[in-house]
Amino acid sequence: MPGRKKPKSLPEKTREASATSNGAQPSLLAAQVTSDFEEVTALINAARERAFAAVNHELVSLYWQVGEYISRKIESAAWGEGVVDQLAAHIARMLPTLQGFTRANLFRMRQFYATYKGEEKVAPLVRQLPWTHNLLILSRSKRPEEREFYLRMAIRERWTKRELQRQLDGALFERVVLSPAKVSPPLTQMPGDAAAAFKDTYLVEFLNLPQLHTEADLQRSLVANLRQFLMELGGDFTFVGEQYRLQVGGRDFFLDLLFYHRSLTCLIAIELKVEQFEPADLGQLQFYLEALDRDIKKPHEQPSIGVLLCATKDNEVVEYALSRTMSPALVAEYQTRLPAKAFLQTKLHEFYELAQSEAERPPLKAPKPPAKATTERKGKKP
């Protein structure tokens with residue numbers, strides 16, 4: 001209409017401020033808010049973990065005390081085993097909402113206390129694991145050293161009940177004792193007991209691979225099942241990439257799998273072989289390690305470690321091949337089927353019997369030195 005004035009346009013800065021306040025340009029603000037929210041979430045999760053650990057510690061301590069009390073009563077003949085039935089019924093009547101104090105569980109508490117009461121190194125460990133983990137280890141482990149092994153591993157690796165069950169089924173203890181990892185001399189000299197971070201055999205039964213498969217099949221399946229593979233490798237392994245490109249000179253080379261180990265602070269190169277180990281395979285791996293250390297490794301990191309993961313290997317050939325290797329490396333097998341646990345247990349029993357007989361064998365007596373020869377006759381004056 002004539003005579004109506006057009007509204008003045010807002011200055012540029014005013015328009016920007018208005019747009020920001022209306023949410024048109026929220027990216028920076030949203031990123032900061034999201035970061036703040038994640039910090040709060042982390043605080044909540046940390047508090048929940050501490051609360052769970054405290055509750056678990058008290059619960060396992062309670063089971064220990066109940067087991068100790070029952071043991072003392074039965075050993076002193078103050079109670080017969082039938083009294084435990086009456087105790088279970090009494091607890092059910094007086095505390096009807098309380099679960100876990102059946103006759104069977106009360107006897108498990110007694111067994112739990114009796115098993116660990118004299119083991120000063122191991123007894124504190126049981127309070128760091130849930131009761132279900134303790135029961136699994138208690139029922140499936142026959143030797144004190146085996147129980148200690150699984151207790152420490154479950155704590156270190158933060159195994160779930162399902163993962164602990166899998167490692168027990170896979171006879172991890174027997175495999176570690178009977179077949180320690182085959183590593184090169186430089187790897188044994190690295191700080192942090194680097195060799196202990198690796199296994200001689202890795203179980204990948206979760207891949208469901210056919211008997212005949214290619215390296216590409218194996219690599220794709222490992223990446224597709226990365227979470228489970230990381231659990232098999234160990235809790236300190238983190239995934240970096242697959243077919244990791246290394247540029248040397250004017251050529252590109254591709255490493256099958258690259259990981260990082262947080263405790264050892266080094267890169268872990270894994271090369272896959274679906275056939276038997278051949279000594280020539282180490283040359284390729286050493287080349288990759290040299291490229292990683294020269295071009296990828298950070299100044300504060302330890303030298304990169306190489307793993308040849310093969311379908312099969314001859315241990316004597318591996319020993320010869322690794323003995324002169326100047327790079328920190330090892331040769332391991334992957335198994336697509338769970339091992340025959342009964343067979344491994346038999347082998348372990350033979351191993352311990354042999355070790356016991358060696359320890360009991362009396363040491364060889366050193367031969368007496370020969371008597372000194374003399375030309376002097378008895379009673380003859382010099």
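**Close-up views of a predicted model**

**View 1. Phe 287 is partly exposed, with a relative accessibility of 33%, and is shown with its ring partner Tyr 288.** In this predicted model, the two residues form an aromatic pair that counts as tilted, the ring centres lying 6.1 Å apart and the planes standing at 55° to each other.

**View 2. Phe 198 and Phe 237 form an edge-to-face pair.** Their ring centres are 5.9 Å apart and their planes meet at 80°, an angle over the 60 degrees required, so the pair counts as edge-to-face. The pair joins distant parts of the chain, 39 residues apart, since Phe 198 sits in the loop between helix H10 (185-188) and strand S2 (201-203), while Phe 237 belongs to strand S3 (residues 237-248). Phe 198 is buried, with 6% relative accessible area, and Phe 237 is likewise buried, at 5%.

**View 3. Seven residues, Tyr 63, Trp 64, Phe 101, Phe 112, Tyr 113, Tyr 116 and Trp 131, are linked by ring pairs into a cluster.** Across the model, the count of aromatic pairs comes to 15.

**View 4. Helix H6 (residues 131-140) packs against helix H7 (residues 144-157).** The axes of the two helices lie 9 Å apart at an angle of about 155°, which makes H6 roughly antiparallel to H7. The crossing of H6 past H7 is right-handed. Asn 134, Ile 137, Leu 138 and Arg 140 of H6 meet Glu 146, Arg 147, Tyr 150 and Leu 151 of H7, and these contact residues comprise four nonpolar, one polar and three charged.

Note on methods. Residues numbered from 1 in each chain as written. Predicted model: local features only at pLDDT ≥ 70, side-chain atom pairs only at ≥ 80, totals over all residues. Heavy atoms only, no water. Axes fitted to C-alpha atoms, helices over the stretch in contact; angles between N-to-C directions. Helix = DSSP H or I, 4+ residues; strand = E, 2+ residues; numbered from the N terminus. Parallel < 35°, antiparallel > 145°, perpendicular 65-115°, else oblique. Left-handed = near helix turned anticlockwise from the far one by under 90°. Contact = heavy atoms within 4.5 Å. Nonpolar A, V, L, I, M, F, W, Y, C, P; charged D, E, K, R; others polar. Phe/Tyr/Trp six-rings, centres within 6.5 Å; stacked < 30°, edge-to-face > 60°. Buried < 20%, exposed > 50% of the residue type's maximum accessible area, 1.4 Å probe, protein only.
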